[in-house]
Amino acid sequence: MSMAKRAFFIAYSLSIFGTGLVYPLTAIFLRESIQLSASQVGFYFAVLAIAGMVVNPLAGMWCDRQGPYRVAATAVLGQATGPVLLGFSSSPSAVTAAALFTGVGSGIFFAVQTPLVANLFGKEAIGEVYARQYVIMNVATAFAGFLSGWSVGQWGDSAYRIAFIGNGLSFLFYGIIVLGFVGFKLSYPLLAPEEGDTRRSNKSRPWRPYFDRKFIPLLIMQLIISAFGFAQMDGVLPVILREVGGMPVVVVSVFLTCNCFAVVAMQSKVTKISKRIGDVASMRLVFGIWCASFVIGFLSMALSLPIAARVALIVLFAIVFAIGECFLSPSFNPLIASTSPTESLGSYSAAASMMYGFGLAIGPAVMLPVFKHSALYWGGLMVAMIIGFALINTRSEPKQIADEPEVTQGSVQ
């Protein structure tokens with residue numbers, strides 16, 4: 001692995017560790033330390049999400065024209081400023097400003113991740129890189145979340161604020177590494193040089209992915225994955241375990257921890273299987289496995305079983321869902337890259353990123369109102385997975401284009 005690639009993984013690890021420091025604490029910090037009302041906390045997250053959605057398509061167009069490195073480095077200015085500002089905040093207006101900076105930075109940052117990975121590692125290695133990143137994410141967030149939670153228990157408000165400042169600094173280091181040690185060493189060759197700036201200007205349209213018939217199914221699948229998959233795991237299922245299942249908080253922690261460690265334990269082996277069977281077959285397995293996991297989740301809530309048996313089902317639910325995650329991480333982004341026109345990879349990646357963020361926003365809003373109606377809630381999740389399975393069945397395995405210009409050749413290894 002080249003020095004530039006190692007630097008990229010180091011930068012990514014730092015940024016994810018910083019995110020893990022504050023991921024479980026933000027809402028609690030806003031409520032307890034700044035004493036915001038529930039509606040004001042909701043407003044913070046709404047501003048953050050809307051700001052990201054506004055800049056997302058513009059970031060994709062900018063990436064198509066200028067390349068991903070400077071765009072990503074610019075994004076981290078917002079991601080560094082927002083958390084630091086939040087760490088020093090004491091009023092609703094300062095919190096809103098922090099949300100704007102963080103939202104804009106995140107909207108730009110996630111819009112250019114696939115072009116950045118494709119530029120550095122080559123399109124053929126996108127799945128392997130995302131799988132490795134997913135393992136790093138689970139390890140770093142689990143460790144950082146434990147560290148920040150323990151620190152808050154020891155030092156209270158000061159620990160909250162230090163965690164947010166640390167999060168901001170982690171993204172600042174990411175920007176320094178990506179721009180200073182990676183971006184300046186490479187050009188942006190996803191467009192052939194002879195095609196020139198005119199082609200970039202003509203082809204880079206931020207709304208183009210939303211009217212591409214081949215790409216629309218992937219956008220819908222992205223919405224299903226985020227709204228009815230990850231958004232449920234993060235924001236709805238912990239509530240169900242507490243209020244419907246009557247489980248103690250420690251069981252909720254065990255549920256999330258088992259999911260995290262299962263990903264870490266299985267990702268490498270599942271990635272090899274995914275590469276062997278192909279991206280389309282892997283995505284079929286994602287929706288099928290997640291549907292099976294929701295059946296297990298339904299049974300854990302609906303059956304009258306001893307507490308130990310119900311906890312065992314909950315743990316099994318977390319592990320089965322993790323298997324689906326392991327198939328998802330190396331397969332879905334390569335599908336996005338193979339379906340996107342080379343000269344518009346930034347815009348297409350941004351569209352997928354926007355749909356993911358939109359799904360995270362609407363998932364809890366759609367499903368929380370019905371979470372106490374087991375048949376409606378679990379049935380809705382299963383129907384969503386069946387729709388995703390049907391959409392992926394409309395696709396065939398993408399063909400490899402031998403003469404497509406690549407940045408680098410070879411594996412991540």
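The side chain of Asn393 makes a polar contact with the side chain of Arg284, at 2.5 Å. A polar contact is a pair of N or O atoms within 3.5 Å; within protein, one must be able to donate a hydrogen and the other to accept it, and residues adjacent in sequence count only if both atoms are side-chain atoms. The model is predicted: local features need pLDDT of at least 70, side-chain atom pairs count only at pLDDT 80 or more, and totals for chains, interfaces and linings use all residues. Residues are numbered from 1 along each chain as its sequence is written, and side-chain values use heavy atoms, without hydrogens and water.

Asn393 lies in the segment after helix 16 (374-392). Helices are DSSP runs (H or I, at least four residues), numbered from the N terminus. Asn393 is partly exposed, with a relative accessible area of 36%. Buried means under 20% relative accessible area, exposed over 50%, and partly exposed in between (1.4 Å probe, protein chains only). The C-alpha atoms of Asn393 and Val280 are separated by 8.0 Å, although these residues are 113 residues apart along the chain.

Helix 14 (residues 332-339) is largely enclosed by the rest of the structure, because 7 of its 8 residues are buried. The buried residues of helix 14 include Phe332, Pro334 and Ile336.

Leu14 is in helix 1. Leu14 is partly exposed, with a relative accessible area of 34%.

Note on methods:
Helix = DSSP H or I, 4+ residues; strand = E, 2+ residues; numbered from the N terminus.
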